[in-house]
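Opening the notebook on a new model today. I want to go through its helices, rings and charges one at a time.

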Amino acid sequence: MPDQTPHDDGREPAPGEGRSATGRRVPAPAPPADDTDETDRDGDPSGDTSSGETASGETASGETGSGKSGPGENGSTKTGSDQSDPAESGDDGGVAPSGALIPEEIEQPVGERDPATGAPVTLPAARQATEPVAPEPGAPDPAHDVEQRKREAGVDHLFPFGKPGQPLGRAHPFVFGFTAALGVITAWMLVKAATNAKSVLVMIVVAMFLAVGLNPAVERLRRFGLPRGAAVATVFLIVILFFAGFVASLVQPVSEQVTELRHNIPEYVQQLQNNRTLADWDKRYGLLERAEKTVNGDGFQKGLTDTATGIGKVAINGIFQTITILILTLYFLSSLPQIKTFFYQLAPRTRRARVALLGDEILDRIGGYVAGQFTIALIAGVCSYIFLSILGVKYALALALIVAVTDLIPLIGATIGAVVVSLVAFLTGTTTDLIVCAVFYVIYQQVENYLVYPRVMKRTVDVQPAVTIVAALVGAALLGVVGALLAIPTAAAISLLIREVVMPRQETL
């Protein structure tokens, strides 16, 4: 027989229970019925739960005097107040038959609840801040009344100077404008700093380019058993010897030509005076008189001095930049594995392996490009030396080295070397030497451009000839000679990334 003892309505709800907006307790979901006798959670052997549930799991109404229960339609026992429709009786109007709250009948917000049990949570007094009070009509001005000032500001022990207002959101016009202006100023300062440090950045890029280009030679020496330090020292010593030999080969011809020019100046002046064509022009236009006035004028002397000073500054600056590039190349070449590892670690861990593989391939292509350029320059220098030696032109070795160095510049390097050699051959020889040199270099450039260069670059860099020409033109327009040198390996890197990253991604879209 069910227990009809009235339950205590003033008992605090057990965990899992709550109260509705009308103050009634919200029962916990009823457990499934069991045939076996179970003891109550509170130890009551009668089978009634502490929440006022009967043995069949139905919830009592909690009203005193109506505890009589009768058999329901499903065989369960219900109290008298539960036999009617809750929506019609109005006793438990805020509770659905399943025990859930009816949203339409919630009059007040419940407030914060414990996420574990769902029970209401009362905030501590320390977290409840005093809300600011709106000024009443006729209230004193807070600028003169301290108490009114504290009252309107909502001063308490947590906020002794009043409750702070809401922060400005990201969409606020002031925040957006300030952030945008700060970004523009930062970008402008970065561009200005990069422009001022352009020469330094160019030296760093060239040094890194040379270090990457010389790294294959270092790796090849390491295969023979040399440690990396010894291999780097050997390769760098070869580079130093090449530059030293190039400079030494130019010193003797230049000094001899300057001495010969100084001794032959009177003879050249006499020849100019005895020249009939020049004498005829002098009678018509007064060339000698104008030349004498120009030479004796102050502007000519000042211009000559400025030109000499400018040439000296350019020479000193070139020597300083060359030494700096060589030192940076040595440092970059010795620590290239650590530099690669550092940049690879900047990539996310899930993509680091692929980034490292692509980076190694790009560096290998840059090294192949440098090796290919040195190969082409070596071929041009050897062919020039053999040709000049057969022709009998003075300073054949120095001129061949000039051709080899200028041939490192894509597209226009070979032309520059050919013009220099032809001019020297004409000054030290005859007009026939000039014509022969011009014909030889025109033919050689065609062979180099259409046979040697494409084959070498296709094998080392894997870039199409049309892309090579376009990249060299764009690089020369942007950074001059340095841009022309860096354009082709940059184009090789971009083509690799497009083929291995962009194109596969396009196929998946």
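Below are my entries, by topic.

**Ground rules**

I'm working with a predicted model, so I keep to the rule that local features need pLDDT of at least 70 and side-chain atom pairs pLDDT 80 or more, while totals for chains, interfaces and linings use all residues. Residues are numbered from 1 along each chain as its sequence is written, and side-chain values use heavy atoms, with hydrogens and water left out.

**Helix α4**

I took helices as DSSP runs (H or I, at least four residues), numbered from the N terminus. How far apart are the end C-alpha atoms of helix α4? They are 38 Å apart, and the 26 residues (198-223) should span 38 Å, so the two agree. The expected span is 1.5 Å times one less than the number of residues.

Next I looked for a bend, meaning the angle between axes fitted to the seven residues ending at a position and the seven starting there. I found a kink of about 35 degrees at Asn215, shortly before Pro216.

For burial I used relative accessible area: buried is under 20%, exposed over 50%, partly exposed in between (1.4 Å probe, protein chains only). The buried residues of α4 include Met203, Phe209, Leu214 and Val218, and Asn215 is also one of them. Just after α4, Gly225 has a positive phi of about 100 degrees.

**Salt bridges**

My criterion was a Lys or Arg side-chain nitrogen within 4 Å of a carboxyl oxygen of Asp or Glu. How many salt bridges turn up in the whole structure? The search gives four.

- Glu219 meets Arg228 at 3.1 Å, N to O; Glu219 is partly exposed at 29%, whereas Arg228 is buried at 14%.
- Arg365 pairs with Glu361, with the closest N and O atoms 3.4 Å apart. Both sit in helix α10, four residues apart, about one turn. Arg365 is buried at 8%, while Glu361 is partly exposed at 33%.
- Glu500 bridges to Arg499 at 3.7 Å between the closest N and O atoms; Glu500 is partly exposed at 32%, and Arg499 is partly exposed at 37%.

**Aromatic rings**

I counted Phe, Tyr and Trp rings (the six-membered one for Trp) as paired if their centres lie within 6.5 Å; planes under 30 degrees apart are stacked, over 60 edge-to-face, the rest tilted. The structure holds eight such pairs. Phe387 and Tyr441 are edge-to-face, 6.4 Å centre to centre with 80 degrees between the planes. That pair links distant parts of the chain, Phe387 in α10 and Tyr441 in α13 (residues 431-460), 54 residues apart. Phe387 is buried at 14%, and Tyr441 is buried at 4%.

Phe440 and Tyr444 are stacked instead, at 6.3 Å and 15 degrees. They are four residues apart in α13, so about one helical turn separates them. Phe440 is partly exposed at 22%; Tyr444 is buried at 14%. I noted that ring pairs join Phe387, Phe440, Tyr441 and Tyr444 into a cluster.

**Nonpolar patch**

Last entry: which residues make the nonpolar surface patch of about 620 Å²? Leu378, Val382, Tyr385, Ile386, Ile390 and Leu397 do. Patch members have over 30% relative accessible area and no salt bridge; nonpolar side chains (Val, Leu, Ile, Met, Phe, Trp, Tyr) are joined within 5 Å, like charges within 9 Å. Areas come from the Shrake-Rupley method with a 1.4 Å probe, and for residues only the protein chains shown count as cover. Helix α10 (residues 352-391) gives the most, with five residues. I checked Ile386, which lies in α10, and got partly exposed at 46%.

Conventions: Helix = DSSP H or I, 4+ residues; strand = E, 2+ residues; numbered from the N terminus.
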